[in-house]
Amino acid sequence: MTAQRPPGQRPTIDESYWMATAPPVARPPLDRDATADVAVVGAGVAGLCTAWELVRAGLDVVVLEADRIAAGVTGFTTAKATSLHGLRYALLEEVHGAEAAELYALSQQDAVDRFAALAAELDIDADLERAPALTYTEDLSRVDEVRAEAAAARRAGLAASFVTETELPFPVAGAVRVEGQLQFHPRRFLLALADRFASAGGRVFERTRVTALHDGRRCRLSTEGPFTVEASDVVLATHYPVFDRTLLFTRLTPRRELVLAAPVPSAVAPLGMYITPMDGVRSVRSAPYDDGRRLLIVTGESFEPGAGQVRERYARLDAWARERMPGFAQADRVYRWAAQDNDSSDGIAYVGHAHPGTQHVYTATGFGGWGMSNGMMAGRLLAAHIAGGPRPAWTELYDPRRLPGLRETAELAWRQSQVAARFVDDRRHTSHADSVADVPPGSGAVVRLAGRRCAVYRDESGEATAVSARCTHLGCLVHFNDAERVWECPCHGSRFALDGAVLHGPAARPLEALDPPEERE
């Protein structure tokens with residue numbers, strides 16, 4: 001979709017560049033009951049990498065995707081596969097010890113190299129490029145922090161160095177640099193991997209939403225179809241853990257980041273991958289585009305779903321890119337989208353048995369914005385769990401059943417107090433708008449109608465539609481995202497279309513559709 005613009009202004013395309021340039025080959029929904037050795041729920045990077053490793057091991061694998069392959073979180077990533085994750089290693093070393101930091105580095109670099117190996121082995125053309133990854137600061141007061149991160153990353157085994165010169169068009173005070181990382185087109189890679197998976201005997205069913213899971217010696221998955229799949233093992237690779245018996249969601253914090261991408265002359269496009277935790281996060285990289293140009297990709301404005309003011313956040317990111325990145329202001333088009341991920345409470349992903357009471361259900365979540373390397377790592381680790389054989393040295397590091405430490409316990413308590421405060425505050429206020437008439441055309445708000453809180457959207461003509469404002473996960477009230485025109489839950493990050501359909505979990509059921517608002521007043 002191309003946004004409306006004044007005459008002479010460049011077009012803004014409200015679509016992920018990865019989605020726009022890698023059209024899918026539609027795969028059928030599940031149309032009968034099925035059995036398999038392993039059922040993988042979710043066809044993003046974690047799900048497909050897991051499925052591929054398992055089918056290679058000789059197992060009968062079925063993948064169930066609620067929408068389309070790589071059309072969820074993975075289709076909206078910035079697509080950097082790197083073992084340098086911001087300022088991570090000094091904290092890992094301090095909180096979890098030197099061995100944990102070493103295992104983290106080893107597992108993440110192994111995942112980076114696995115992407116390159118698979119692309120070569122399977123002849124996948126996904127614009128893979130080796131490039132350095134850098135975490136930088138412009139703030140002189142934080143140089144020692146960055147220098148300490150470089151030293152910690154080196155001790156963990158990465159080829160890391162501290163530098164003060166980069167190819168960015170502005171000076172930095174200091175940066176950590178790690179060589180040999182990867183950037184690529186994520187959707188092309190995963191669509192090709194899905195093809196190779198199917199050729200090897202795997203089965204993929206799209207538009208097949210899983211609605212229930214029976215965990216036992218033989219697991220059973222129910223779908224909206226309403227067909228079932230029985231499997232010896234189940235992998236939940238759904239970004240946010242659905243069917244969460246141990247309340248793992250309480251140890252996750254969702255966040256969104258905005259992305260702008262525009263073609264610029266190759267001469268001014270950075271070839272490395274850059275990120276700074278300052279200024280609400282700023283990430284910069286580029287990708288192949290056409291002769292003489294590369295696609296400049298700028299990411300930032302990290303915020304929790306439901307926080308609002310998304311248009312303003314886009315405006316700030318656009319202003320930063322125009323001011324700091326040559327060629328961006330002159331680009332003939334701009335792609336605009338947003339990415340979502342979950343931060344674990346201790347900074348380490350959860351990959352392994354979903355809870356202490358199961359032997360056959362596995363999960364992969366809490367990638368903390370580093371979904372490419374963590375997704376590939378998860379595929380390798382889960383395949384080792386299920387197919388047998390030696391398990392990686394980092395198996396326990398990522399185990400979802402690990403107990404929280406003292407620092408994590410305090411963080412968990414604070415996060416849950418914030419959720420509780422949000423839950424109470426929403427109910428203390430009667431509405432987010434006094435009436436349907438107060439909702440501007442092209443916008444949405446929560447309105448109390450006939451004693452019930454309703455999420456009301458009015459299109460540009462003024463016609464209103466309404467759904468229940470209560471998130472179907474735990475009942476928090478949804479908020480309207482004015483840029484993407486969706487409803488978001490600020491408690492745990494569920495997202496819903498205007499008609500109430502689920503876009504992101506942990507909610508598994510849509511918002512209830514209500515009568516037209518004018519009939520309820």
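## Arg188 and its partner

Arg188 is partly exposed, with 29% relative accessibility. In this predicted model, its side chain meets that of Asp127 in a salt bridge, with N and O 2.9 Å apart. Arg188 sits in helix 6 (residues 186-199), while Asp127 belongs to the loop between helix 4 and strand 5 (129-137), so the pair ties together parts that are 61 residues apart in sequence. Asp127 also counts as partly exposed, at 26% relative accessibility.

## Other salt bridges

The whole structure holds 32 salt bridges. Side chains of opposite charge can pair when their charged atoms come close. One of the pairs joins Glu179 and Arg177, whose closest N and O atoms are 2.5 Å apart. Glu179 is partly exposed, with a relative accessible area of 39%, and Arg177 is partly exposed as well, at 26%.

Another pair to look up is Asp290 with Arg293, where the side chains meet at 2.8 Å, N to O. Asp290 is partly exposed at 34% relative accessibility, and Arg293 is partly exposed at 24%.

Now for the interior. In soluble globular proteins, nonpolar side chains tend to be buried together. Here the largest nonpolar core has 74 residues, and the members that touch the most others are Tyr89, Phe115, Phe189, Val351 and Tyr398. Helix 4 (residues 98-121) supplies the largest share of this core, 10 residues. A second, separate core has 28 residues, among them Phe170, Val298, Trp320 and Ala331.

Leaving aside residues up to four places away in sequence, Phe115 touches Val45, Ala81, Leu128, Leu182, Phe184, Phe189, Met372, Ser373 and Met376.

## Pro441 in its loop

Finally, Pro441 can be found in the loop between helix 9 (406-428) and strand 19 (443-449). Pro441 is partly exposed, with a relative accessible area of 49%, and the cut-off for exposed is over 50%.

Which residues does Pro441 touch, not counting those up to four places away in sequence? They are Arg458, Asp459 and Glu460. Pro441 and Ala464 are 23 residues apart in sequence, and their C-alpha atoms are 8.7 Å apart in space.

Technical notes. Residues are numbered from 1 along each chain as its sequence is written. This is a predicted model: local features need pLDDT of at least 70, side-chain atom pairs count only at pLDDT 80 or more; totals for chains, interfaces and linings use all residues. Side-chain values use heavy atoms; hydrogens and water are left out. A nonpolar core is a set of buried Ala, Val, Leu, Ile, Met, Phe, Trp, Tyr and Cys residues joined through side-chain atoms within 4.5 Å. Buried means under 20% relative accessible area, exposed over 50%, partly exposed in between (1.4 Å probe, protein chains only). Helices (H or I, at least four residues) and strands (E, at least two) are DSSP runs, numbered from the N terminus. Contact means heavy atoms within 4.5 Å. A salt bridge is a side-chain nitrogen of Lys or Arg within 4 Å of a carboxyl oxygen of Asp or Glu.
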